[in-house]
Amino acid sequence: MRHLDEYRDPEAIGALLRRIEAILTHPWTLMEVCGGQTHSILKFGLDELLPPGLRLIHGPGCPVCVTPLEQIDRALAIAAEPGVIFCSFGDMLRVPGSNGDLLLAKARGADVRIVYSPLDAVAIARSERSRRVVFFAVGFETTAPANAVAAYVARRAGLDNFSLLMAHVLVPPALEALLAAPGCEIQGLLAPGHVCVITGYRDYEPIATRHHIPIVVTGFEPLDLLRGVYAAVVQLERGEARVENQYERAAAADGNPAARRLLQEVFAVCDRKWRGL
């Protein structure tokens, strides 16, 4: 399968592992940022294939995992209100709050619906004008544009019964918090390629400079991740600290300009809690 098999080619993976081992002269600790990267690393056993002395720390998690308890409780409270249709992706239904989860709320009589796109929730609001429709907008920068489109479409359609319960997070502030923490052992970062597809990777350049740490943008297939590891190790061995893009087939320095403009029009950046930090 084109654009998949070539990134899982055992011979290419073996050759890259040998290149990593050949240049490794010191023990180094890298962190992959995204839970999707962690999933691929464990699925394909990449952490077991790396040479001794090279350690991977699993990053700050997925947007579902980092959504704070208070926001889950807020979702449960809204879902329980009369006349509300609460829409969410399926992965949020089992995240526990203080008193159950959204699946339990549905069993208790709340109108909780799984949707596969935020625009599905907009369609429900259009067909159920007498009821309030709330979409649980969860995600990193990757899913934010689709949620912004939903808000934009609903506003243009005059759907005053549609709203978003916001649970978006930004990656760079979380990395700043981790790298500034006392005792931080992270020496290199594998940045999430899908986030950089949207926002680009210029926001990571001040982080690399400030903390003197290589940051390599990677994809999610085995060869993508190992190329990221190799590039990070090369920089560490040379004493370099800069942002490098190893996901050029999808990510660019400035990301997706149209998506970024929409995000700036619809959303505002603010402080929020991040479960685990």
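Because the model is predicted, local features need pLDDT of at least 70 and side-chain atom pairs count only at pLDDT 80 or more, while totals for chains, interfaces and linings use all residues. Residues are numbered from 1 along each chain as its sequence is written, and side-chain values use heavy atoms, with hydrogens and water left out.

We begin with the five-stranded sheet. Helices (DSSP runs of H or I, at least four residues) and strands (runs of E, at least two) are numbered from the N terminus. Two strands are taken to pair if DSSP finds at least two bridges between them. By these criteria, five strands make up an open sheet with parallel pairing, in the order β2-β1-β7-β8-β9. Strands β2 (54-61) and β9 stand at the edges with a single partner strand each, so one side of each has no neighbour in the sheet. From one strand to the next, the twist averages 25°; axes here are lines fitted to C-alpha atoms, for helices over the stretch in contact, and angles run from 0 to 180 degrees between N-to-C directions. Within this sheet, strand β1 (residues 28-34) runs parallel to strand β7 (residues 188-192), and three bridges join them. Here L30 is placed opposite G188 of β7. Helix α12 (residues 222-238) lies across β1, β2, β7, β8 (215-218) and β9, and runs at about 165° to β8.

E244 lies in β9, which spans residues 243-245, and E244 counts as buried because its relative accessibility is 18%; buried means under 20% relative accessible area, exposed over 50%, and partly exposed in between (1.4 Å probe, protein chains only). The side chain of E244 makes a polar contact of 3.1 Å with the side chain of Q246. A polar contact is a pair of N or O atoms within 3.5 Å; within protein, one must be able to donate a hydrogen and the other to accept it, and residues adjacent in sequence count only if both atoms are side-chain atoms. Not counting residues up to four places away in sequence, E244 touches I215, V216, V217, A231 and Q235, where contact means heavy atoms within 4.5 Å.

N245 also has its place in strand β9, and with 11% relative accessibility N245 counts as buried. Polar atoms of the N245 side chain lie 2.9 Å from the backbone nitrogen of Y247 and 3.0 Å from the backbone oxygen of A251. Apart from residues up to four places away in sequence, N245 touches Y201, V217, A251 and A252.

Attention now turns to the four-stranded sheet. This open sheet has the order β4-β3-β5-β6, again with parallel pairing. Its edge strands are β4 and β6 (162-168), each of which pairs on one side only. The twist averages 25° from one strand to the next. Strand β5 (residues 132-139) and β6 run parallel and are joined by seven bridges, with H168 in β6 as the bridge partner of G139. Two helices pack on the sheet. Helix α5 (residues 69-79) touches β3, β4, β5 and β6, and its direction makes about 165° with that of β6. Helix α8 (residues 144-156) touches β5 and β6, at about 160° to the direction of β6.

A search of the whole structure finds three aromatic pairs. Rings of Phe, Tyr and Trp (its six-membered ring) pair if their centres lie within 6.5 Å; planes under 30 degrees apart count as stacked, over 60 as edge-to-face and the rest as tilted. One of the pairs, F89 with F135, is edge-to-face, at 5.4 Å centre to centre and 80° between the planes. This pair links distant parts of the chain, 46 residues apart: F89 is in the loop between β3 and α6, and F135 is in strand β5. F89 counts as partly exposed at 22% relative accessibility, whereas F135 counts as buried at 0%.

Finally, V195 is found in helix α10 (residues 193-199) and is buried, with a relative accessible area of 1%. Leaving aside neighbours within four places in sequence, V195 is in contact with F140, E141, T142, V171, G200 and Y204.
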